[in-house]
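The structure is shown first.

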Amino acid sequence: MNRDLLRDLSAALAAALLVTTAAVVGTVLEHRYGNLHVSWPPLYGHWEPHVGPGTPAAIMVAVAVVAYGPLLAARLPWRALLCTAWGTAMAWTFSLALVDGWQRGIARRLTTKYEYLQVIDPVNRFHDIPAALRDFTHHILIHSPDAWPAHVAGHPPAATLTFVLLDRIGLGGGAWAGVWCITVGATAAVAVLITVRALSGEALARRAAPFLVLAPAAVWMGTSADGYFAAAAAWAVAFLALAVTGHRPRSAGLTSGLLFGLTAYLSYGLTLFAVIAAGVLLLGARRLRPLPYVLAGFVVVAAVFTFAGFNWWEAYHLLVTRYYQGAGGIRPYGYWVWANLACTALVVGPATVAGLRRSGAAPIRQDVRRCLRRPTAEPRLALLALAALLALLAADLSGMSKAETERIWLPFAMWLIPACAFLTRPRAWLTAQATLALLLNHLLLTGW
């Protein structure tokens, strides 16, 4: 066994020990104090071994990707690879969601008392959208009149408006909402591949493709609105990467800015994508030319919501108060600040942990200034992954993400997975990824 592989396995084992420690300590805390508000710490879910109609499909997708994924990723034409990646990611996510059955796994996920569709059915509180936006901040706090459900209050209104607009065009109800989140969420893998190719070259993008398709994150991508948020943020980064590498800098930059604006109005926490955006700018050959267009696109989205009557900063400060009014004020920071990382290890899988270990070593092999001036492919990808890790750690230290991060941090997790491109023996690592996802989905009934 070579030294690098031994270190990879040691990193994966350390992640497993972190998860085990979080589970044991969390179980003791929850039984003794009841202050974690999760049934199977560190994850939001409970123990319920089960199979469902998605079980055979999930196993078949996993076997197919392990057996043929690396070969097809290396040989398919680029555009065909992107289409295949999207289709396979959808198949993987849908099949995992259907392990819980159609109703429980997809159709009812976004209709519970905490979710967005509660403000549409049975009473549509967004029938007058401008009025709802002007009045939005008056219903964020728990004790305010007609307080919003938790997820509506916890996000800017673009999240809820998405489902309102789907309802307006005849795609109302939990089933369509679930299908939307899975279908759009699966495109995040495509956006990440485009970014990696633009910044680090096609070879590394092709090596990362099977891991992005078969990520354990799919357990929570189906069905969670955060899967949709992950896609919006991923495409914002992808268009920025295209812009700073000279691919239509004006139109790509403007599109990136519009998507970054949308991302900021989908989730307050995703403003930390500025860290990833900064990493992309650092790696781009034409950093300044598209920047005015990016800023213009962002300002357009912010102006639309502001003129419609929604004050982002006021809403954010009210959200902080709301957060501490609920479970966020009870869950102990001292536990979750490290247990959140255990959740992330489960979301990205052991292969990503090993890949991140290699990412940390890649830039060290080059002089730092040379790496920034003319980095080769591997250090460029390493810097992109490390920027995502930095954004995730900032979210962790903020204390505004105590628990449920397997869902909340999906947008950041998608940018850690490309580090798997550094690994040798991809089929063995893909097997580990698929096994973890299948075990999680069949042994636990997750909250999403």
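I took contact to mean heavy atoms within 4.5 Å. The model is predicted, and local features need pLDDT of at least 70, side-chain atom pairs count only at pLDDT 80 or more, and totals for chains, interfaces and linings use all residues. Residues are numbered from 1 along each chain as its sequence is written, and side-chain values use heavy atoms, with hydrogens and water left out.

Entry 1, the histidine. I looked up the residues that His-155 touches: leaving out those up to four places away in sequence, they are Tyr-116, Phe-136, Phe-229, Leu-266, Ser-267 and Tyr-268. His-155 lies in the loop between α6 (150–153) and α7 (157–168); helices are DSSP runs of H or I with at least four residues, numbered from the N terminus. I noted a relative accessible area of 8% for His-155, so this residue is buried (under 20% relative accessible area, 1.4 Å probe, protein chains only).

Buried residues of α3 include Trp-78, Ala-89 and Thr-93.

I searched for cavities, sets of points on a 1 Å grid over the protein atoms alone where a 1.4 Å probe fits but cannot get out. The whole structure has 1 cavity of 30 Å³ or more. Its lining residues (an atom within 4 Å of a point) number 14, and Ala-89, Thr-93, Leu-212, Met-221 and Met-414 are the closest to the centre. I recorded α3 as giving the most to this lining, with 3 residues.

How values were computed:
Buried < 20%, exposed > 50% of the residue type's maximum accessible area, 1.4 Å probe, protein only. Helix = DSSP H or I, 4+ residues; strand = E, 2+ residues; numbered from the N terminus. 1 Å grid on protein atoms, 1.4 Å probe; cavity = no way out; pocket = protein on both sides within 12 Å on 5 of 7 lines; lining within 4 Å. Points joined across faces, edges and corners; volume = space filled by probe spheres on them.
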